[in-house]
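User: I am new to this structure and would like to see what its terms rest on. Could you take me through them one at a time?

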Amino acid sequence: MKNPVQENRMPQDAAWSQLWLCYTPRQDADNRAYVEQVSVSGFAMTDPVIRNAWQELQRGVGGMLDVRPVLREDAAIDRGLSVRRGETPAEGYALMEKNGMLTLTASDEKGVLYGIFHILRQIAQEKPLQGMRELCQPSNPLRMLNHWDNMDGSIERGYAGASFFFRDGEILIDGRTQDYARLAASVGINGVVLNNVNVKEQATWLITERYFDRVARIAEILAGYGIRLFLSLNYAAPMELDGPDSADPLCPEVVGWWRDKMAEVFRSIPNLGGFLVKADSEGRPGPFTYGRTQADGANMLADLVKPYGGVIIWRCFVYNCKQDWRDRKTDRARAGYDNFIGMDGAYHDNVILQIKNGPMDFQIREPVSPLLGGLTRTNQMLEVQIAQEYTGQQIDLCYLIPMFKETLDFKTYCGAAQDTVADIVGGRSFGSRLCGMAAVCNTGGDANWTGHDLAAANLYGFGRLAYDTSLAAEEIAAEWARMTYGCDRKTTDTVTALLMGSRGTYEKYTSPLGIGWMVEPNTHYGPNVDGYEYSRWGTYHRADHLGLGVDRTDAGTGYVRQYHEPNASRYNNVQECPEELLLFFHHLPYTYRLRSGKTLLQHIYDSHFEGVEEVERMIRAWEGLEGRVPDISYRNVRERLERQLHNAKEWRDQVNSYFYRKSGIGDEKGREIF
Ligand code: GCW
């Protein structure tokens, strides 16, 4: 059924690649008068950030309201938009409307850019500019995207086509580079790591003459949108380039080589923010190779980039990936904490430790990493993954912002007040300025950037949340829906509901109660219950004919003690442990009764059946939007949902059959199990 009124206001194919910046016509909501005349004072129009902000405003209001704004530099106007310099927190802005004047005040250029994007958001949502009184400031000093793009054009864990940064060993720069910067800046991203943390082959050469010009050009484009460029570094670069045959951080020749290298790099790429380093992890070289500490490695580099204002972001994803599955004492969940807590306070002040949200690896449900709240004297950054590696690979819908909210809201009890993860990474708990959030990015060369149209909500949502951690996941979802699809009520409500339910649904048909991992090895899509059970990766569910789960209590691996009280006791005690994490912390019999009164096994059966039913309902809900959303998007999502349904059934049937065969206990409701 077509809705002709809506149709001409919907983004068409060409505009679709602009995602939430599609700027299709909107209802006026009395907003036109505020953007017809614009005065700017205290900022130079020649500044690249200001120039880009102005161009974005023109583009946005041109598309949405058919207005061509007139710029009056340093002139007084009595109606319209007045942009002026004033006191606001860094990268923050104030928007105040009075008597037909909208005043945007900021203390720096980025504040102006973000303020303009705020105005455009308001217009896109058909909300009035009249009466605005907002003071916005970033919750996190650093808000970064990490790309796992390789220089051959592939993307590690990429689900939306080839890289748009690299192809065949070359750096790409085209219109998409700028669109990327616009999209990122529009949600407040201020740092980008261009290349994969697994730095191999040509990528090692990014810090050489071969690539300086192009990297510097990208850095400049990004800088025009208030974004600092970072690179991932190969810790063994001296050995692979022209340096000494060692990467020992305490070896004078190695240090000397890096000193010269950093001088050369920062001279050639003036805007460079610093480096992200994955060391001693999954086969990557690092300081452990030389009997040195992680701090030795990070500090050596940090000291050398310091003169240039650079920072070293050092990942904590360090664990033994050659475990023997027979060994029940070694617990991969413990590794991050065990490897890093001992040196808390020893990291220099321009080192940031980057910590994945959970102690394992981006599963659909994990407890919060105990390093967050464990470290109290070290700069920290939270790493999340919007690339849906374990969460449906942008085939299955999985809106991750509710999960990130849970992480941010988690009380670590690291202090009496300001003890949540949001407080820690926002710098409030321990007074840090170098901290924030990073997301492993979900973009690629596909026209729609994220493969699944609705997966763009994760990109949008991550940025919005990183800028303002007080926003609700639902608010962000609705905002994204209106920006992307226009303000049709039914569309907004349906899309928001689909997004909000999606994580729970995915969890239901995949792995139960926090156990994770029952996934196809390597590709990480689709079920394979024992796929990782007898391998070296330390990711076991320990199911036998009586029960399943990993005992991480005092009687087991002792992992629970990495948390402050009362979290440690809560997780340790099976009665108090949050049920969604039950099997992460406890090994339990299939007959164990949950609070619902159901047995553990019955819960597994029920949730897997429910998960599939929910996907069927999602399909019907989406079908209700035919003719209301652009056809191109309708078809994209419809096709993905079909594949999701297939995947969900596969998970349901394999997981249920597996546990039926292990336990010999049938489904109380007598449904079909194979
Ligand atoms: O989960 C694992 C991924 C690897 C990734 C690694 C990491 C970049 O499967 O592909 O490597 O995490 O975070 O370093």
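User: Which residue in E5 stands opposite Ser-82?

Analyst: Ser-82 faces Thr-103 in E5. The model is a predicted one, in which local features need pLDDT of at least 70 and side-chain atom pairs count only at pLDDT 80 or more, while totals for chains, interfaces and linings use all residues. Residues are numbered from 1 along each chain as its sequence is written, and side-chain values use heavy atoms, leaving out hydrogens and water.

User: What makes E3 and E5 a pair of strands?

Analyst: A strand is a DSSP run of E with at least two residues, and two strands pair if DSSP finds at least two bridges between them. Strand E3 covers residues 80-85 and strand E5 covers residues 101-106, with six bridges joining them in the parallel sense, so they count as a pair.

User: Which strands are the edges of the open sheet, and how do you know?

Analyst: The sheet has six strands with mixed pairing, in the order E2-E1-E3-E5-E4-E6. Strand E2 (70-73) and strand E6 (133-136) each pair on one side only, and these are the edge strands.

How values were computed
Helix = DSSP H or I, 4+ residues; strand = E, 2+ residues; numbered from the N terminus.
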